[in-house]
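Dear colleague,

I am passing on the structure that follows, together with some notes on what turned up in it. Please read the notes with the model open beside you.

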Amino acid sequence: MTTTTPTATADAELPRLRLDTPPLLVLPILALLALPLVGSFPTWVTLTVAGLAMGMMIFIMASGLTLVFGLMDVLNFGHGAFVSVGAFTATLVLLPMQGWMQADSVLLNLSALGLAIALAMLVTGALGWAFERIIVMPVYGQHLKQILITMGGMIVAEQMIHVVWGPDQIPLPLPTSFRGVILVGDAAVEKYRLIAVAVGLVVFAAMFLVLNRTKVGLLIRAGVENGEMVEALGYRIRRLFVGVFVAGSALAGLGGVLWGLYKETLTATMGGDIMVLVFIVIIIGGLGSVGGCFIGALLVALVANYTGFLAPKIALVSNILLMVAILLWRPQGLYPVAKR
Amino acid sequence: MMLHRLLSGDFPRSRILALALLAIVAALALAPFLFPGARALNVAATICVFVVLVASYDLLLGYTGIVSFAHTMFYGIGAYGIGLTLHSVGPTWGAVFMGLTIALLLSLALALVIGLFSLRVKAIFYAMITLAVASAFAVLASQLSDFTGGEDGRTFGVPELLRPGFRLVEAEVFGTAINGKLITYYLVFFSALALFLLLLRVVNSPFGRVLQAIRENDFRAEALGYRTVVYRTLANCLSAVVATLAGALMALWLRYAGPQTTLSFTIMMDILLIVVIGGMGTLYGAVVGAALFILAQNYLQALMKQGSDALVAVPLLANLLHPDRWLLWLGVLFVLSVYFFPTGIVGKLRNLKRS
């Protein structure tokens, strides 16, 4: 993030980092520009909410990846596997608990979903830990091998999903009370999208607070800027990194559950497919920057939704065009991390 | 002496490897006579094409240290270039060359743009950008169905000479009919051989040495006065061009161009697996790796089926050995080889001799 809090006991106020505003303005400008193009206000609202929901889900999946990269210079190409595993783990809870899912009670629906998410995050977190230990640890500092080995890890994980859950797609219906739409004025907004936006905002806020208001967050941010210095000051950055890796994997699992419910069908390759978007997002945001990742995710999703409505053929390459445009403007991404 | 010229002075440097290579080349050269049957010939042709495809990828990954996920894109451009022109213009040699030219130009332009755009920065950045571009290209190819035939792809006729119905001589030679299929096979085989030797020439030239220097330490290479961006981009373009040619050969052989056979991410994974298992940074690895891999892909699955059937009582184990899960085992093999033999089979064989 670009704002830093000065330490409490400092005599004089430490100079604050100036907030870098232009990237923040891109989003509202984009949304406003789209309004006359789309034409009708209700459609625009629907599209915008859909875009925000999708963006939040992508952000949840991408945030862990960008932090891991920022902190330890490891880009995990197998991150998508956690997304798939998270979604598939959720079926272990959601399918046997069909009764709770179909009951017309928000409480039962929510508790089934909460249980599923908790289990998914637990499993993907544990998997992340194992992944870090077995796959990533031996290849720190060797980019080429990292890419190859995490890619290999992803193949194995995808195939293991096939082994455990079988080769077929699994349908995953939404809980009863989250289905349908809410009418806001004339605009129809799917309930589930609002929930996704809410969850995304909660995750972002929690992450923001942890990173900016806690000791751990301070260490993580310091580690992103200069890992060696943090180590020299006596903190075990290795342990910190494992923690971030596990948390990032668990978030990918959460994103996987949300994404799976959004798609309503699960395939083992869903994680790998979404990784393309995730990579674009973290490149746009600036590798290693959580704030940039958040804005990048919303941008990508909004652009995808608007162009999908306005010019479906262009929508297929809209992400690439967006990435090219952003990189021409800021070659290091929206919020470049100082070290790189 | 002639052998020296032919192999550009880059000998296998291991007796077992040399024997294996000789066996593979001999088997491929005589495949139509040794292994009758459409399936065996198809396997042989696929091996030929993959040797070239993988060798061109190794030029990037093994020699220059660039990880690209867009190699299948160039492969696909080659296949679609041939496929779409032959489909719309008709089965003439003119159309073949026209399609090839268009495909080569398109590949070259794309490789140049992507290269200049993203090769300035780190390997990891390039890997992500190529992944994004390649997947967008694959989606585009399957969505523009009026033009590309969508998911079904395009089947097309080939020039008279290459059709299975065509007979060069009426008589059979060693019990094999000399028909268009055979001619196509030899077209594929000799083109593949020529391209492979060309790549061998490239990696053993001063240009190839610079690439290896960049792989080892790009900062130092830059300090010695080599413009690393230029060399990386050139390597990228060269590799893209060869991949395009490989795609064109594959399209001519299959008489079909579609997303599953050329653009899919599975093929990209196959290429990665072959390069790593065969041996990064040595083109002979491509030959050994591709031969083993394609053979495994076609015949190992039958073996796994037997194992799966035998273990049908044990639920999870039977699934593990299911023929569709062969990629699982290759993935494990892949991870293990990145750790334990980063130089792959070829490196292992060469070390055997030394120790």
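**Salt bridges and their surroundings**

B:Glu216 is exposed, since its relative accessible area is 59% (buried means under 20% relative accessible area, exposed over 50%, and partly exposed in between, with a 1.4 Å probe and protein chains only). Before going further, please note that this is a predicted model, in which local features need pLDDT of at least 70 and side-chain atom pairs count only at pLDDT 80 or more, while totals for chains, interfaces and linings use all residues. Residues are numbered from 1 along each chain as its sequence is written, chains are lettered from A and ligands numbered from 1 in the order in which they are written, and side-chain values use heavy atoms, with hydrogens and water left out.

B:Glu216 forms a salt bridge with B:Arg215, with 3.1 Å between the closest N and O atoms; a salt bridge here is a side-chain nitrogen of Lys or Arg within 4 Å of a carboxyl oxygen of Asp or Glu. B:Arg215 is partly exposed, its relative accessible area being 30%. By this rule there are five salt bridges over all chains.

Another of these joins the side chains of B:Asp218 and B:Arg232, at 3.2 Å from N to O. Because B:Asp218 lies in helix α11 (residues 218–223) of chain B and B:Arg232 in helix α12 of chain B, the pair ties together parts that are 14 residues apart in sequence; helices (H or I, at least four residues) and strands (E, at least two) are DSSP runs, numbered from the N terminus. B:Asp218 counts as partly exposed at 35% relative accessibility, whereas B:Arg232 is buried, with a relative accessible area of 13%.

A:Glu132 counts as buried at 0% relative accessibility, while A:Arg133, at 35%, counts as partly exposed.

**Helices of chain B**

Helix α12 (residues 228–254) of chain B also holds B:Thr233, which counts as buried at 5% relative accessibility. The side chain of B:Thr233 reaches the backbone oxygen of B:Val229 at 2.6 Å. Leaving aside neighbours within four places in sequence, B:Thr233 is in contact (heavy atoms within 4.5 Å) with B:Leu112, B:Gly115, B:Leu116 and B:Leu119.

Helix α5 (residues 71–89) of chain B is mostly covered, with 16 of its 19 residues buried. At 1.5 Å a residue, these 19 residues should span 27 Å, and the end C-alpha atoms are 27 Å apart, which agrees; the expected span is 1.5 Å times one less than the number of residues. Just after α5(B), B:Gly90 takes a positive phi of about 115°.

**The nonpolar cores**

A nonpolar core is a set of buried Ala, Val, Leu, Ile, Met, Phe, Trp, Tyr and Cys residues joined through side-chain atoms within 4.5 Å. The largest has 213 residues, and those with the most contacts inside it are A:Phe59, A:Phe77, B:Phe69 and B:Tyr185. Apart from it lies another core, of 17 residues, including B:Tyr80, B:Ile82, B:Val96 and B:Leu100.

Not counting residues up to four places away in sequence, B:Phe69 touches residues of both chains, among them A:Phe77, A:Ile147, A:Met151, B:Leu131 and B:Phe265. B:Leu131, found in helix α7 (residues 123–143) of chain B, counts as buried at 8% relative accessibility. With neighbours within four places set aside, B:Leu131 is in contact with A:Phe77, A:Val276, A:Phe279, B:Phe69 and B:Phe265. B:Leu131 and B:Phe265 are 134 residues apart in sequence, and their C-alpha atoms are 9.5 Å apart in space.

**A hairpin in chain A**

Strand β2 (residues 181–184) of chain A pairs with β3(A) in the antiparallel sense over four bridges, pairing being counted if DSSP finds at least two bridges between two strands. A:Val184 stands opposite A:Ala187, and A:Val181 has A:Glu190 as its bridge partner. Two residues lie between the strands of this hairpin, in which A:Gly185 takes a positive phi near 65°. Strand β3 (residues 187–190) of chain A has a covered face, formed by A:Ala187 and A:Val189, and an uncovered one, formed by A:Ala188 and A:Glu190.

With best regards

Terms used: Polar contact = N/O pair within 3.5 Å; in protein donor to acceptor, adjacent residues only side chain to side chain.
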